[in-house]
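Morning, everyone. I have one model to walk you through. Please look at the screen.

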Amino acid sequence: MNDFSEPADETLMLAYAGGDMAAFEQLYARHRTRLYRFLLRQLRDQALADEFFQDVWQRVITAREGWKPEAAFTTWLFRIAHNRLTDHWRALKHRPPAPVDGDERAARVPDPETPERILSDFEQRRRLQLALAELPDDQREVLQLRLEQELTLEEIGEITGVGRETVKSRLRYAMDKLRARLSE
């Protein structure tokens, strides 16, 4: 070997495993075209080939620290690609094809988080807040103690210093006023 020869793939991979990013860039530049052509010929779908290409390189990156030069780097790289393709073909056998009208079906499924729905929920909460603010203080207090704190009528009576029947009356009046206000 002379000083002008390129380092072997295995040497570059070991350097990359040690943290040398330039070594990875050299490996990538050296093998990207061959790997991509292989995937594209196997899949016959450019978008899928792009996805698999990225996935294979991601697996190389993930496995770099544990990589051992037991086989040629090229063999290892294409073995990753082969295994990824095998998984893909196996999954297709177990997955029925998408229905012809799949896009139409998906469009008919309501989306609960539409901007209109979010705005509607916000408007309902705002109307409730305004209606609560309009209640007399004693009615709003017992209503909040009952609904927010989930206290019993007796506990609310102890807190507010009124009897159980007064608490019930205040709750009933508060609920009636809220219903009337929110039905407008």
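Let me start with a cut-off. A residue is called exposed when its relative accessible area is over 50%, and buried when that value is under 20%; anything in between is partly exposed. Take Lys-68. Its relative accessibility is 51%, so Lys-68 counts as exposed. Keep those limits in mind for the rest of the talk.

One caution before we go on. This is a predicted model.

Now the overall picture. What is the chain built from? It has nine helices and zero strands. From the N terminus on, the order is simply α-α-α-α-α-α-α-α-α. The radius of gyration is 34 Å, while the globule rule gives 16 Å for 184 residues, so the chain is more spread out than a compact globule. Along the principal axes, the C-alpha trace spans about 100 × 45 × 30 Å.

How much of the chain is buried? Of its 184 residues, 23% count as buried. The chain exposes about 13,300 Å². Carbon and sulfur atoms supply 52% of that area. Next, contacts. Take those with a sequence separation of 6 or more: 56% of them come from residues 24 or more positions apart. And charge. There are 29 positive and 33 negative charges, and their mean positions are 5 Å apart.

Helix α1 covers residues 9-17. Which of its residues are buried? Asp-9, Leu-12, Met-13 and Tyr-16. Look down the helix axis. The buried residues of α1 fall within an arc of 100 degrees, so they line one face of the helix. Just after α1 comes Gly-19, with a positive phi of about 110 degrees.

Asp-9 has a partner to look at: His-31. That histidine is found in helix α2, residues 21-43. Is His-31 buried or exposed? Its relative accessibility is 2%, so His-31 counts as buried. What does His-31 touch, leaving aside residues up to four places away in sequence? Asp-9, Trp-57, Phe-73, Thr-74 and Leu-77. Of these, Asp-9 is one of the buried residues of α1.

Next, two loop residues. Arg-44 lies in the loop between α2 and α3, where α3 is 46-63. It is not a glycine, yet Arg-44 has a positive phi of about 55 degrees. Its relative accessible area is 74%, so Arg-44 is exposed. Then Glu-150. Find it in the loop between α7, 137-147, and α8, 153-160. Glu-150 is not a glycine either, and has a positive phi of about 55 degrees. With a relative accessible area of 65%, Glu-150 is exposed.

Back to Lys-68. Where is it? Lys-68 sits in the loop between α3 and α4, the latter being 73-94. Lys-68 and Glu-10 are 58 residues apart in sequence. In space, their C-alpha atoms are 8.7 Å apart.

Now set another pair beside that one. Glu-123 is found in helix α6, residues 115-134. At 44% relative accessibility, Glu-123 counts as partly exposed. Glu-123 and Arg-84 are 39 residues apart along the chain. How far apart are their C-alpha atoms? They are separated by 50 Å.

To wrap up: nine helices, zero strands, and a chain more spread out than a compact globule. Thanks. Over to you.

Note on methods: Residues are numbered from 1 along each chain as its sequence is written. This is a predicted model: local features need pLDDT of at least 70, side-chain atom pairs count only at pLDDT 80 or more; totals for chains, interfaces and linings use all residues. Side-chain values use heavy atoms; hydrogens and water are left out. Helices (H or I, at least four residues) and strands (E, at least two) are DSSP runs, numbered from the N terminus. The radius of gyration is taken over C-alpha atoms; the globule rule is 2.2 Å times the number of residues to the power 0.38. Buried means under 20% relative accessible area, exposed over 50%, partly exposed in between (1.4 Å probe, protein chains only). Contact means heavy atoms within 4.5 Å. Accessible areas come from the Shrake-Rupley method with a 1.4 Å probe; for residues, only the protein chains shown count as cover. Lys and Arg count as positive and Asp and Glu as negative; His and the chain ends are not counted. The place of a charge is taken as NZ of Lys, CZ of Arg, CG of Asp or CD of Glu. The arc is that of the directions from the helix axis to the C-beta atoms.
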